[in-house]
Amino acid sequence: MTNEKPTDGLTEEPLKVTPPKEWSAGIPGVTKSLEYSYAQMGAGRSLKVLRKLNQKDGFDCPGCAWPDGEHRKMAEFCENGAKAVAEEATVRRVTPEFFARHPVSELAERTDYWLGQQGRLTEPMFKPAGSDHYQPVTWTDAYGVVAEALRGLGSPDEAAFYTSGRASNEAAFAYQLFVRAFGTNNLPDCSNMCHESSGSALSQTIGVGKGSVSLDDLNKADLILVVGQNPGTNHPRMLSALEEAKAAGASIVAVNPLPEAGLIRFKNPQKPRGVVGRGTKLADDFLQIRVNGDLALFQAINRMLLDADAIDRAFIDEHSSGFEEYAAHLRKLDWDDVLAATGLTRADIERLYARVVRSERIIVCWAMGLTQHRNSVPTIREVVNFLMLRGNLGRPGAGVCPVRGHSNVQGDRTMGIWEKPPAHFLEALEKEFGFRPPQHHGYDTVETIRAMRDGTVKVFFALGGNFVAATPDTDATMAAVRRTALTVQVSTKLNRSHAVTGEAALILPTLGRTEVDVQPSGAQFVTVEDSMSAVHASSGTLEPASEHLRSEVRIVCELAQATLGDRTTIPWAAFADDYGLIRERIERVVPGCDNYREKVARPGGFVLPHAVRDRRKFNTATGKANFTVNDLVVLRVPEGHLLLQTLRSHDQYNTTIYGLEDRYRGVHGGRRVVFVNPDDLTELGIADGQYVDLVGVWRDGVTRRAAHFRVVSYPTARGCAAAYYPETNVLVPLDSTAEVSNTPTSKSVIIRLENAS
Ligand SMILES: Nc1nc2c(c(=O)[nH]1)N[C@H]1C(S)=C(S)[C@@H](COP(=O)(O)OP(=O)(O)OC[C@H]3O[C@@H](n4cnc5c(=O)[nH]c(N)nc54)[C@H](O)[C@@H]3O)O[C@H]1N2
Ligand SMILES: Nc1nc2c(c(=O)[nH]1)N[C@H]1C(S)=C(S)[C@@H](COP(=O)(O)OP(=O)(O)OC[C@H]3O[C@@H](n4cnc5c(=O)[nH]c(N)nc54)[C@H](O)[C@@H]3O)O[C@H]1N2
Ligand SMILES: [Mo]
């Protein structure tokens, strides 16, 4: 389905394209979020739920992982946060009658948009092997199906347990405990497709795989680089923080192939002038870099710093390792390669350099524009080299700021959702729970798909997310998933992963963050961690979407009990009744979480320790911050081809499509568009408005085709193209992944445009 011209009445046509916008948010943002909220949940419910969004006694926004400020305003949320809430708090329902009307084969033909618009899942549903229909099933029988399938496997490694980054710390901790007690580290997660490259690069160079700045640091910075990130759409609250930083004296430079609206001008809807005026000009400069040019850009700046001796010798001598080797490597830099890789002029790069040497304190923020390339880990390591050269680590107003996606993706990793768990974590589990966890590494997301394809993973379980649509190489992945014996999805909303399944399939409907969670010990709250390592409580306020829903924690614990029986002495039932008992275990197992129960009870929570931020201490193999030597390889695209990045529109949350508007980029009523520079179009002999197929070329010789896209002439960097994910995931080869992190290269896909078939 994803690969064909959509015929679904809900999508596409009449597709309209208007000029891109230069500013973001303001009144249209507020209006849009309310329109969407009212349509999904009506006015009364909208006001009730939005009032509690991101308040200290309310629930954490399920939208993104940007932190909440100290002084929260009445409506501390953004347009897209409000849409994420409305999506979950919708009054539409997917009932057993719905599944009786729609066979699975029909659902598989629907678009992601249509599936998401059907509403909240209400009851556990089972599709037996050989059947084309889901039918209602009791919770007990559903657990029985999973337990029997798991116990029947030749080895626990024949099952894989995926997590999406919305799971709370309590659910995540219980889940990894169950999976390890069952006997495998096969814990792939959405992070494998997201910030894994950041974690890999940062652990090696600074000793901790997380960002080193807090919100307060932004206000102390002289220069903030926003690289490979579109905050106006994906982290709108970050724009307010940037606006404040700017007022406090920071300059801001955007590095991006696209002139993203929010970065250029921002109208803060919470301030009068944001609503009526022209808003704040956010970026002082915009470097329109070619896709994948960032390693070259940072290396060039680093070489200039070295040449001018504009480096922090004291930091380098005292805190770093590997400088001489790195400097020798920099001296070999080839400027022709830099210009070819970046597509920038030498003057562009010198402008940035001039800002850098004027700035005492620098922060680099980034997201998927840096993490989803073959050389993502070397690129992020080069960013670290850049900060190290001027001592911009471990002091106020300076540091690394990978901006996370899913609202609790960072917390899930802290809680042990990781296919490559560190030895100390496994030891702590063993000591606390008295069983020996598996020591060998498990499968990440890409390895899980390969293992399903090869028949070595037979049971696939997902705590949230939409694995089939989010992962690369859609056709290959769908075939792999269909080879399994059983797939199980713990979900709030209907999605493609319920329609493309193993032989047998289960849907286990769960409570969302907006909903009240009452267990025998009373009303529960859960805890989450944001992008800046702040941990705090979250509790919902709405009545659950259906009386049959169970919380993620309860589902995991009941399933563990059904599967493991007497094999462990872990008190699963007590955990499900009182999440405080899980937090007590977190205190003893997870580093930095001592007194967790007391600290999360404080209004606003607490901040996890971070050796670099707190003490300028680097827990690496050398005990210092490590310079790394990263080869500059120019990604050259064959004649007549383009380098495609797959990205998000303003009207989606990953695979959840809210609507068909990407209003900042001027796309209305459809999603199958490809943005190409007008000069490239002229060279290729293709016109704006023409319909083309995107054809992927990769070294495995397989032709990958995403059919029927409208060409949009757009000011992206030369030689580059952009189109929305997940429609273009068919083009991302499964085996095209980043070095070290194994993240799919969703931001550098080589394609050509062919006349629509
Ligand atoms: N509303 C909304 N919010 C979200 C999400 C959502 O889907 N909708 N998703 C959440 C998740 S899970 C995540 S991970 C984040 C994602 O947040 P982003 O990373 O902002 O998301 P993308 O749309 O993938 O945008 C990538 C950006 O990088 C740029 N880019 C692409 N390639 C390159 C490159 O080679 N170099 C440079 N310098 N720039 C490049 C693109 O032009 C684009 O601006 O957002 C989170 N928040
Ligand atoms: N080509 C390409 N592919 C990409 C990317 C890209 O930029 N380009 N980005 C990658 C990135 S950064 C990410 S993070 C992944 C995202 O991958 P996933 O996290 O797997 O996907 P989502 O679309 O966020 O998952 C949405 C589904 O989660 C379920 N859900 C929502 N809330 C809850 C909840 O509270 N509990 C439970 N149990 N379920 C819930 C709903 O059923 C919903 O349909 O995609 C990756 N794939
Ligand atoms: Mo993500």
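Analyst: A polar contact is a pair of N or O atoms within 3.5 Å; within protein, one atom must be able to donate a hydrogen and the other to accept it, and residues adjacent in sequence count only if both atoms are side-chain atoms. In this structure, a polar side-chain atom of His 373 lies 3.0 Å from an oxygen atom of ligand 1. The model is a predicted one, in which local features need pLDDT of at least 70 and side-chain atom pairs count only at pLDDT 80 or more, whereas totals for chains, interfaces and linings use all residues. Residues are numbered from 1 along each chain as its sequence is written, chains are lettered from A and ligands numbered from 1 in the order in which they are written, and side-chain values use heavy atoms, with hydrogens and water left out.

User: How many residues surround ligand 1, and what is the shell made of by class?

Analyst: A residue is near a molecule if one of its heavy atoms lies within 4 Å of it. Ligand 1 is surrounded by 32 residues, the closest being Asn 256, Glu 260, Asn 292, Asp 294 and Asn 654. For the classes, Ala, Val, Leu, Ile, Met, Phe, Trp, Tyr, Cys and Pro count as nonpolar, Asp, Glu, Lys and Arg as charged, and the others, Gly among them, as polar. On that scheme the shell around ligand 1 has 12 nonpolar, 16 polar and four charged residues.

User: What does the shell around ligand 2 look like by class, and which side chains have an N or O atom close to a nitrogen atom of that ligand?

Analyst: Around ligand 2 there are 30 residues, with Tyr 162, Ser 164, Ala 470, Glu 552 and Thr 655 coming nearest, and by class they are nine nonpolar, 16 polar and five charged. A nitrogen atom of ligand 2 is 3.0 Å from a side-chain N or O atom of Arg 166, and a nitrogen atom of the ligand is 3.1 Å from one in the side chain of Arg 648. The side chain of Asn 654 has an N or O atom 3.1 Å from an oxygen atom of ligand 2. The protein covers 96% of the 930 Å² of accessible area that ligand 2 has on its own.

User: Is helix H11 mostly covered or mostly open?

Analyst: Helices (H or I, at least four residues) are DSSP runs, numbered from the N terminus, and buried means under 20% relative accessible area, exposed over 50%, and partly exposed in between (1.4 Å probe, protein chains only). H11 is mostly covered, with nine of its 12 residues buried, including Met 238, Leu 239 and Leu 242. Just after H11, Gly 249 takes a positive phi of about 115 degrees.

User: Where does Glu 106 lie, and which side chain does it contact?

Analyst: Glu 106 is found in helix H4, residues 104–107, and its side chain is joined to that of Arg 110 by a polar contact of 3.1 Å. Glu 106 is partly exposed because its relative accessible area is 25%.

Key. Areas by Shrake-Rupley, 256 points an atom, 1.4 Å probe, with all protein chains shown as cover. Helix = DSSP H or I, 4+ residues; strand = E, 2+ residues; numbered from the N terminus.
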